[in-house]
Each structure stands twice: as structure tokens, then as C-alpha cells.
Amino acid sequence: MTRLAKLMVGNWKMHGSLVANVSLLSDLLSGMGEVNCRAAVCVPAPYLAQVQSLLAGSALEVGAQDVSAHESGAYTGEVSAAMLSDFAVRYAIVGHSERRQCHGETDTVVANKAQRALAAGITPIVCVGESLAEHEAGQTEAVVKRQLAAVIHTNGHCISEIVVAYEPVWAIGTGLTATPEQAQDVHAVLRAQLQAATAHADRVSILYGGSMNAANAAVLLAQPDVDGGLIGGASLKVPDFLSILKAASR
Ligand code: PGA
């Protein structure tokens, strides 16, 4: 099976400023000479126009951190997939655990968001992952399968066009990382679920996220079913993100 180059995505979360973004991105771009993986940064919506223009013609693609489950209309504060398309957005994270937890997003809402993104030609990065309590109760596999099943159910044959990110909630921003074996086990479960849903499961990149950093990236990325990473904190530090991108380029 031929797999695509690794896909490494920075998730800036609610960080950045017009001034800070310029130096972060220019430092990143000037250090990316040896990088040959696929790479993107998912930035806060107000900076999409700025980042689109700073990254135009570069190897770093633009992503959003969310997209509305609605097409258009009276949804104050929401950003539609069509609006993201206006800014050449290539990826949109959907179902990040921070949105599931803090904004009450259900599996159905996440599935609808993925559908809106796909309809606008944007690749949804569908996040799945278990909480610490679920992890300790041995429910990891059941939780991630339930979360992905909702997206498969709603999106049918388009499912081969998504990206999946396995992010154990207990590993996000905590410095705790899944062991490479734990990550591989869950990725293999997700891969099998995708294979049962589409003949083109090999097109789906399955990323690991949760305290991926310059020290642990290479060993995580060496796992056969780890196709890339979704990187929060370390994507805001240029030397760290560049080391991770280089680890993904081997
Ligand atoms: P982290 O975040 O790398 O800071 O743990 C990952 C994410 O939430 O996507």
C-alpha cells in the first residue's frame, strides 16, 4: 500500500497576534529547506487573511480550527465552510476535544461539520480521543470507534477524503504522551474501521496528537499506522516545530 508523505499540522489554538504571526511564519519558512513532509498551520479565524498572504506560494498550507455545522444564516459568531474557502483554507480541524468539552459538540455535530467542510472542498481533520476516565476504564477503543462511526455514517463514500487525528484527551497540553505502542494500537483500530467503510482507506492519513514534541516525534512517527501529527504547544516554538517537521521528512 502506498502511503502519502507524513502530514504535520500545527494547531495554534487561541494564540497569535498580527505581529507575532509574521515572525513565527517567516522563521518557520526560512528553516523549512530540508522539509519534505506535508505541513500546515491551523490558525485562529481572524488571522486567516494574513496567514494566507504570508504563506502564498510556500510549502506550508493554511488550516482553520473549526467550521460551522450550518451552511449559512442566522448563526451569530459562526464561520462557514464557504467563508473558509475564500481564504484558501485547505484543512479544518473538527471535533477537537476542547470543542467537544467546552462547547458541548456531540458526535453528530462533529459529523455535520466534517460534511460541510468536504462539501466546500476543505479536508476535515476529525479529532477523536478518550478522556482520562475512559482511558482508565479500558474504553479507549469503544470511544474512538463511536466518534469515528458518526463521521463515517454521515459522510458515506466521501470518508476517504478526511484526515483523522487520534488525540487522547489526557495527553493534550499535559506533557503526557501515549506510548508509541498505545498510539499504534489505536491507529490500527481506526485504520481497520476505515477499511471496513471504504476501499480507499489508504488515502486517509491518521495523525497522532497530544504533547508531540521534538524529543518524541520520531519514535511516534515510526509506527506503521501513524501518518503524521497534530501539534499544539510545540508548533508555536519555531525550533521545536522545525525539528518535528524534519523528523517527519525522513
Ligand atoms: P498539544 O496539543 O500538542 O499542546 O498537546 C495538541 C492538540 O490539542 O491538538
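How much space lies in the largest cavity of this protein? Hold on to that one; the answer comes near the end of my talk.

Hi everyone. What you see is a predicted model, where local features need pLDDT of at least 70 and side-chain atom pairs count only at pLDDT 80 or more, while totals for chains, interfaces and linings use all residues. Residues are numbered from 1 along each chain as its sequence is written, and side-chain values use heavy atoms, with hydrogens and water left out.

Let's start with the sheet. Eight strands form a closed barrel in the order E1-E2-E3-E4-E5-E6-E7-E8, with parallel pairing. A word on names: helices (H or I, at least four residues) and strands (E, at least two) are DSSP runs, numbered from the N terminus. Two strands pair if DSSP finds at least two bridges between them. On average, neighbouring strands of this sheet are turned by 25 degrees against each other, ignoring direction. Look at strand E1 (residues 7–11) and strand E8 (residues 228–231): they pair in the parallel sense over four bridges. There, Leu 7 stands opposite Gly 228 in E8.

Now the helices on that sheet. H7 packs on it and touches strand E5 (123–128) and strand E6 (163–166), its direction making about 155 degrees with that of E5. H8 packs on the sheet too, touching E5, E6 and strand E7 (206–209), and its direction makes about 150 degrees with that of E7. Contact here means heavy atoms within 4.5 Å. For angles, axes are lines fitted to C-alpha atoms (for helices, over the stretch in contact), and values run from 0 to 180 degrees between N-to-C directions.

How do H7 and H8 meet each other? The axes of H7 (residues 140–155) and H8 (residues 180–197) come within 10 Å and cross at roughly 30 degrees. The residues making this contact include Val 144 and Leu 148 of H7, and Val 189 and Leu 190 of H8. By class, the contact has nine nonpolar, two polar and two charged residues. In this scheme Ala, Val, Leu, Ile, Met, Phe, Trp, Tyr, Cys and Pro count as nonpolar, Asp, Glu, Lys and Arg as charged, and the others, Gly among them, as polar.

On a 1 Å grid over the protein atoms alone, a cavity is a set of points where a 1.4 Å probe fits but cannot get out; a pocket is an open set with protein on both sides within 12 Å along at least five of seven lines, and lining residues have an atom within 4 Å of a point. Grid points are joined across faces, edges and corners, and a volume is the space filled by probe spheres set on the points.

The largest pocket has a volume of about 510 Å³. Of its 22 lining residues, Pro 44, Ala 45, Gln 65, Asp 66 and Arg 99 are the closest to its centre. Helix H4 (residues 97–102) gives the most to this lining, with three residues.

The second largest pocket has a volume of about 220 Å³. One of the residues closest to its centre is Ser 211. Ser 211 sits in the loop between E7 and helix H9 (217–221), and its phi is near 55 degrees, a positive value in a residue other than glycine. Most residues other than glycine have a negative phi.

Back to my opening question: the largest cavity holds about 40 Å³ of space. Its lining has two nonpolar, one polar and four charged residues, with Arg 3, Arg 38, Asp 202 and Asp 227 among those that line it.
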